[in-house]
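Hi everyone, thanks for coming. Let me put the model up, and then I'll walk you through a few things in it.

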Amino acid sequence: MANNRYELNKELAQMLKGGVIMDVTTPEQAKIAEEAGACAVMALERIPADIRAAGGVARMSDPKMIKGIQEAVSIPVMAKCRIGHFAEAQILQAIEIDYIDESEVLSPADDKYHIDKTKFDVPFVCGAKDLGEALRRISEGASMIRTKGEPGTGDVVQAVRHMRMMQGEIRRLSSMSEDELYQAAKDLQVDYQLVKYVAENKKLPVVNFAAGGVATPADAALMMQLGAEGVFVGSGIFKSGNPAKRAAAIVKAVTNFNDYKMLAELSEDLGEAMVGINEQEIQLLMAERGK
Amino acid sequence: MRVGVLALQGAFIEHEKMLESLGAETFEIRQRRDIDQSMDAIVLPGGESTVMGKLLNELDLMNPVRDFIKSGMPVFGTCAGLILLAEKIYDDKAVHIGTMNITARRNAYGRQLGSFNAKEEFKGIGEIPMAFIRAPYIEEIGEKAEVLAVCEGKIVAARQDKQLVTAFHPELTDDISVHKYFLEEICR
């Protein structure tokens, strides 16, 4: 029986649902994340907060560093490549990464074209601010979507905006008549079949996670209640006072996002949260990269 | 028939949909109080076994779930669920629920590039499609358990009394036969 790579790749994302994917920069951090209950880790040299602080061009991480993290844990390992940088993606596939994040957190390598992800055997996750971006990435071969949030800020406002935007547009599509859907496909600049799928199923054809600015169990619960199927946590964990405890609390908050009493207990005594920067205080909006 | 589906992490909704399409009632087990309601069977879904094992312990679910299974409640574990039920995990000190006389090998086919589709014979059902996602297989099987399916020489499904495990994900295909087998043959 022939392998259907795209289906298998969408299915791996289904296995990650209800889980927390954590940014890690060392094998030690990867182990802390795994022990805290991460369902996958994102291996990168610098977490987004430090990328933002350092400035300059941010690129794919050193494969040796990524391999060190692959050795350290048994859960799936993801890594980021620059938007449009298919050679970085080829390298990540060569080291058998479990998921590639074609990410706006790194400096875009191509200001016009995203990677043709259908050419790859490994799966891709891509960021999206709205339904059009999400469906365009899916038609390029992404098998998982996440909000773009505003990475490295500890400010959840953009992730909320993107998730609300996507869910609102999905609700709007599902109330449209068939002839209206043809026009919607034109407006969204995507294939009619994809639009039809979303209208009929009231969801994206792939798993949709929240990412960007999640720093507390309450942030994670907020995103889950807004319809996220899981959560990426970047700088929020290893930029905080007690990473192991905060990580474990966020994992539990994602599982029991509707139990307010448990959320109250989980939010207690976590030490200092990352300081963060407000959306208005930042110069560079990473979410505006790649549309 | 009321089936509790472990919903700590992973692909639990897919199981719920499939069981409901076969006429079973389902509910999600996310914390201790969820298992106080009446329940005829348990499903342990695919996902990450490390996450589910940890949360089973920390949410005080591990012992009650193990007791239910030991006292004969039917259970169906897919992929991570198989690992949770295994008495032993190859090259790993961890044991989770540990009620089934098998040794599971985690990530037995390697990373995501090793994930694959197959079509093989399942004892009592016939040939069925199988999706293996970073899947385990059964490295060793004890005498209390029975082999139900083999793929490329490796054991990928087994049963022991009221416990059913598959290394693949019937809940991800359109094929309802394994869930039907669970409800009709195991839960009977």
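**Chain B, then some aromatic rings**

Of the 188 residues in chain B, 63% count as buried, where buried means under 20% relative accessible area, exposed means over 50%, and partly exposed is in between, with a 1.4 Å probe and protein chains only. Before I go on, some housekeeping: this is a predicted model, so local features need pLDDT of at least 70 and side-chain atom pairs count only at pLDDT 80 or more, while totals for chains, interfaces and linings use all residues. Residues are numbered from 1 along each chain as its sequence is written, chains are lettered from A and ligands numbered from 1 in the order in which they are written, and side-chain values use heavy atoms, with hydrogens and water left out.

Now the overall picture. Chain B has five helices and 12 strands; these are DSSP runs, helices being H or I of at least four residues and strands E of at least two, numbered from the N terminus. Take contacts in chain B between residues at least 6 apart in sequence: 64% of them join residues at least 24 apart, a contact being heavy atoms within 4.5 Å.

Next, backbone angles. Most residues other than glycine have a negative phi. Which way does B:Cys79 go, positive or negative? Positive, with phi near 55°. B:Cys79 sits in the loop between β4 (75–78) and α4 (80–85) of chain B, and is buried at a relative accessible area of 5%. B:Asp60 also has a positive phi, of about 60°. That residue is in the loop between α2 (49–58) and α3 (62–70) of chain B, but counts as exposed, at 52% relative accessibility.

Finally, the rings. Over all chains there are 10 aromatic pairs: rings of Phe, Tyr and Trp (its six-membered ring) with centres within 6.5 Å, called stacked if the planes are under 30 degrees apart, edge-to-face if over 60, and tilted otherwise. A:Phe209 and A:Phe232 have ring centres 5.7 Å apart and planes at 70°, so they are edge-to-face. A:Phe209 is in strand β7 (residues 207–209) and A:Phe232 in strand β8 (residues 231–233) of chain A, so this pair ties together parts 23 residues apart in sequence. Both A:Phe209 and A:Phe232 are buried. Back in chain B, one aromatic cluster is formed by B:Tyr109, B:Phe116, B:Phe132, B:Tyr137 and B:Phe168.
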